[in-house]
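Here's a quick tour of a model you can follow on screen. Keep the viewer open while you read.

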Amino acid sequence: MKIALIGYGRMGKAIEKIALERGHEIVLKIDVESKDIDISTADIAIDFSVPNSAFGNITNCFENGVPVVSGTTGWLDKYEEAVEICNLNKGGFISATNFSLGVNIFFELNDRLAKMMTNLSDYNISMEEIHHTKKLDAPSGTAITLAEGIIKNTSKSNWALDVTNTENEIPIVAKRVPDVPGTHSVSYTSSIDTIDIKHTAHSRQGFALGAVVAAEWLVNKEGVFTMKDVLGL
Ligand SMILES: NC(=O)C1=CN([C@@H]2O[C@H](COP(=O)(O)OP(=O)(O)OC[C@H]3O[C@@H](n4cnc5c(N)ncnc54)[C@H](OP(=O)(O)O)[C@@H]3O)[C@@H](O)[C@H]2O)C=CC1
Ligand SMILES: O=C(O)C1=N[C@H](C(=O)O)C[C@H](O)C1
């Protein structure tokens, strides 16, 4: 595949390495300085950039017939609008807050646990995410997806950052610690015990490999898909 990388930071570089190892070609590297780029020379674009550029770059791909795998977080309030533009252009799109196999299994586990806890009102839910200090958004996209999984399956109606004692919201604590690739945990605490589930990424390799696998899966397809489709979960 001829891949355009949108964003050539920590993730862009990790994706380049894995894509080359798997026999793909990087034909474009797009960053904030890029001007007059002809994206249509690529078979697919992989976007890991910044929240305020993602929507424009992604929809530009759809308008030029290039499918997109996007991992950028912090812009997803415009996701439905991007989906509409993808469908209008008969494009291909996968956006995921986390491309690693492990986290996608963790998402399933989180949904299942939330279902089991639905009627157990003695337990208080809380979440924590820990990332490196260069991260622009908080809470992480992965934490928001986990919270959405809990909201879908319990009486909680929202999530909130750094709150205590809330009836309807899931409290999320976001910590920033040098060099941490991404750690997420969900806890259910009662006076008797605590149930914790936790995912710890040891590097960015899982995110990058998942994004390249998603691109290989999407390249000749039309439609809007998720990592559940890619992984058959
Ligand atoms: N879904 C997933 O599995 C994962 C998602 N992420 C998400 O991916 C995103 C990128 O993360 P990461 O690589 O660590 O961040 P980096 O800051 O290392 O990389 C972002 C890159 O985007 C570039 N950029 C800035 N403006 C534009 C623009 N207008 N067009 C294109 N590129 C631009 C930056 O360039 P410059 O430095 O010159 O400003 C930088 O090279 C984040 O939103 C992060 O949350 C991260 C890991 C996994
Ligand atoms: O910015 C990061 O680094 C990460 N971002 C994603 C997120 O916001 O969930 C995924 C991963 O945790 C790393």
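Is Asp 36 buried or exposed? Asp 36 is exposed, with 4 other C-beta atoms within 10 Å. The scale here is simple: a residue is buried if 20 or more other C-beta atoms lie within 10 Å of its own, exposed if 12 or fewer, and partly exposed in between, with C-beta atoms placed from the backbone.

## What you're looking at

This is a predicted model, in which local features need pLDDT of at least 70 and side-chain atom pairs count only at pLDDT 80 or more, while totals for chains, interfaces and linings use all residues. Residues are numbered from 1 along each chain as its sequence is written, and chains are lettered from A and ligands numbered from 1 in the order in which they are written.

Helices (H or I, at least four residues) and strands (E, at least two) are DSSP runs, numbered from the N terminus.

Start with strand E1, residues 2-6. Of its 5 residues, 4 are buried, so E1 is largely enclosed by the rest of the structure. Two strands count as paired if DSSP finds at least two bridges between them. E1 pairs with E2 in the parallel sense over 5 bridges, and Ala 4 sits opposite Leu 28 of E2. E1 also pairs with E3, again in the parallel sense, over 4 bridges. Here Ile 3 has Ile 44 as its bridge partner, and Ile 6 has Asp 47.

Strand E3 covers residues 44-47, and all of them are buried: Ile 44 and Ile 46 point one way, Ala 45 and Asp 47 the other. E3 pairs in the parallel sense with E4 (residues 68-70) over 3 bridges, with Ile 46 opposite Val 69. To get from E3 to E4 the chain goes through helix H2 (residues 51-63), and this β-α-β crossover is right-handed. Right-handed means that, with the strands pointing away from the viewer, the path from the first strand over the helix to the second runs clockwise. E1, H1 and E2 make a right-handed β-α-β unit too.

Helix H1 (residues 10-21) packs on helix H6 (residues 205-218) at an angle of about 60 degrees, with axes 9 Å apart. Axes are lines fitted to C-alpha atoms, for helices over the stretch in contact, and angles run from 0 to 180 degrees between N-to-C directions. H1 and H6 are therefore oblique to each other; angles under 35 degrees count as roughly parallel, over 145 as roughly antiparallel, 65 to 115 as roughly perpendicular and the rest as oblique.

On the H1 side, the contact includes Met 11 and Ile 15, and on the H6 side Phe 207 and Val 212 are among the residues involved. Contact means C-beta atoms, placed from the backbone, within 7 Å.

Most residues other than glycine have a negative phi, and most peptide bonds are trans. Asp 36, in the loop between E2 (25-30) and E3, has a positive phi of about 50 degrees. Lys 90 has a positive phi as well, near 50 degrees; Lys 90 lies in the loop between H3 (79-88) and E5 (92-95) and is exposed, with 10 other C-beta atoms within 10 Å.

A cis peptide bond joins Ala 138 and Pro 139, with omega about -5 degrees. Look for Pro 139 in the loop between E6 (124-131) and H5 (141-153).

Conventions
Two residues are in contact if their C-beta atoms, placed from the backbone, lie within 7 Å.
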